[in-house]
Amino acid sequence: ELFLARIEAHNPELNAFITVDREKSLAQADAADNLLATGGAGPLTGIPVAQKDIFCAKGWLTTCGSKMLANFVAPYDAHVVERMNAAGIVNLGKTNMDEFAMGSSNETSYFGKVKNPWDRAAVPGGSSGGSAAAVAARLAPAATGTDTGGSIRQPAALCGITGIKPTYGVVSRYGMIAFASSLDQGGPMAKSAEDCALLLNVMAGFDPRDSTSLDRPAEDYTRLLEQPLVGLRIGLPKEYFAEGLAPDVAAAVEAAIAEYKKLGAEVVEVSLPNTRLSIPVYYVLAPAEASSNLARYDGVRYGYRAPAYDDLMDMYKKTRAQGFGSEVKRRILIGTYVLSAGYYDAYYLKAQKLRRLIAQDFSEAFQRCDVIMGPTSPTPAFDLGEKADDPVAMYLSDIYTIAVNLAGLPGMSIPVGFGSKGRPVGLQIIGNYFSEAKMLNVAHQYQ
Ligand code: GLN
């Protein structure tokens with residue numbers, strides 16, 4: 001009731017939620033009360049959590065921020081939603097996002113832009129901007145997000161909250177609407193690393209319905225939280241502290257690293273020389289995968305269908321022309337181009353090879369350190385509209401986050417202060433494969 005009232009009061013201005021369904025949420029809350037009364041409760045039973053509108057939740061409108069799915073009521077639950085329901089977590093509503101998770105500012109949503117609660121002239125980041133804004137404004141204690149190139153970490157940084165993208169394969173993608181399947185990964189966004197750990201305990205787990213889900217023994221992600229950091233080796237990639245990094249972000253990140261030294265950590269310089277290739281590689285591979293994944297929106301089986309057309313081909317064309325926004329169309333065009341005969345070797349295949357080199361940079365760096373730290377985003381939140389007409393400037397927002405997805409590594413962002421305009425700054429913590437519990441420990445000790 002408290003969070004629903006806060007949503008009612010503040011969502012009209014922030015626009016963090018696309019769907020709120022009081023009755024459904026309260027019915028789930030009642031069921032949670034019963035679980036508590038009958039002794040079947042877990043640590044998160046009754047806790048309301050907002051769902052990014054990319055996760056299918058049975059009976060809930062699930063739009064993915066697109067006109068194409070503006071009328072789509074999911075007939076089944078995503079694996080993540082299923083697990084959260086079983087834990088007694090209450091679905092508090094569906095949060096706003098960039099259309100099909102393509103964007104870094106939440107300005108591509110068909111349902112309108114989201115405002116940053118810290119400064120309403122600023123973007124919340126994207127694509128999980130609704131989730132980040134909801135948690136920052138305390139409209140929800142926590143939310144889910146997805147991260148294909150930075151969409152959990154960058155909005156977490158811009159809104160001053162904590163978010164973690166797990167190792168690829170830890171959280172099932174079943175029922176999570178696909179953008180770029182070899183990069184997409186769901187994860188929690190919350191006030192603290194501790195809350196993220198509790199939520200990740202519920203979200204993570206093997207699922208045979210996702211062919212890339214990893215069958216590993218269940219872990220308790222809270223188990224290392226209280227471990228001291230004495231002797232922790234922090235790698236600082238020199239490429240992350242070079243040209244393009246705003247001075248106020250650099251100052252806040254350096255201050256945080258000084259704190260870590262006080263906690264007993266040591267700092268070593270590492271190099272990720274192929275970082276500069278990560279944006280061009282990503283913008284070949286992600287659109288290629290997206291162009292294939294988005295072929296399913298043809299107006300036939302579900303979602304939007306153009307109201308008037310001449311024949312089948314005309315129906316496809318009009319449905320897709322009217323149903324997708326311009327950023328999505330740009331990605332489909334790029335993706336189709338790089339996959340087409342005659343260009344495949346020059347672009348797609350080349351990008352796959354460079355992806356491997358980017359991953360190898362990290363393997364080498366992790367021989368010399370336990371975690372890598374740096375800025376999450378090169379600048380604090382920018383103004384609404386500032387980059388909306390400049391896709392390349394927008395793409396550069398993810399310069400420090402995208403390589404992590406290309407390598408399949410876990411990454412997180414924690415708030416470490418404020419930039420010159422009083423807008424939050426995030427520190428990125430990158431770990432080796434399956435080191436989420438360690439990363440959450442590193443984050444928790446600072447918090
Ligand atoms: N901003 C990046 C993009 O637009 C990443 C988005 C994401 O992680 N979903 O593709």
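In the predicted model, Ser 127 touches Met 97, Asp 98, Ala 101, Met 102, Gly 103, Asn 106 and Ser 151, residues up to four places away in sequence not being counted; two residues are in contact if their C-beta atoms, placed from the backbone, lie within 7 Å. Ser 127 is found in the loop between β3 (90-95) and α4 (129-136), where helices (H or I, at least four residues) and strands (E, at least two) are DSSP runs numbered from the N terminus. With 35 C-beta neighbours inside 10 Å, Ser 127 counts as buried (20 or more other C-beta atoms within 10 Å of its own; 12 or fewer is exposed, and in between is partly exposed). Residues are numbered from 1 along each chain as its sequence is written. Because the model is predicted, local features need pLDDT of at least 70 and side-chain atom pairs count only at pLDDT 80 or more, whereas totals for chains, interfaces and linings use all residues.

Ser 151 lies in the loop between β4 (142-146) and α5 (153-159) and likewise counts as buried, with 36 C-beta neighbours inside 10 Å. Its contacts beyond four places in sequence are Ala 101, Gly 126, Ser 127, Ser 128, Gly 145 and Thr 146.

An unreviewed UniProt entry places the feature "active site" at Lys 52, Ser 127 and Ser 151; such annotations may be inferred rather than shown by experiment, and the positions follow the numbering used here, with feature names shortened. These residues span 100 residues in sequence, yet no two of their C-alpha atoms are more than 11.1 Å apart, so they gather at one spot.
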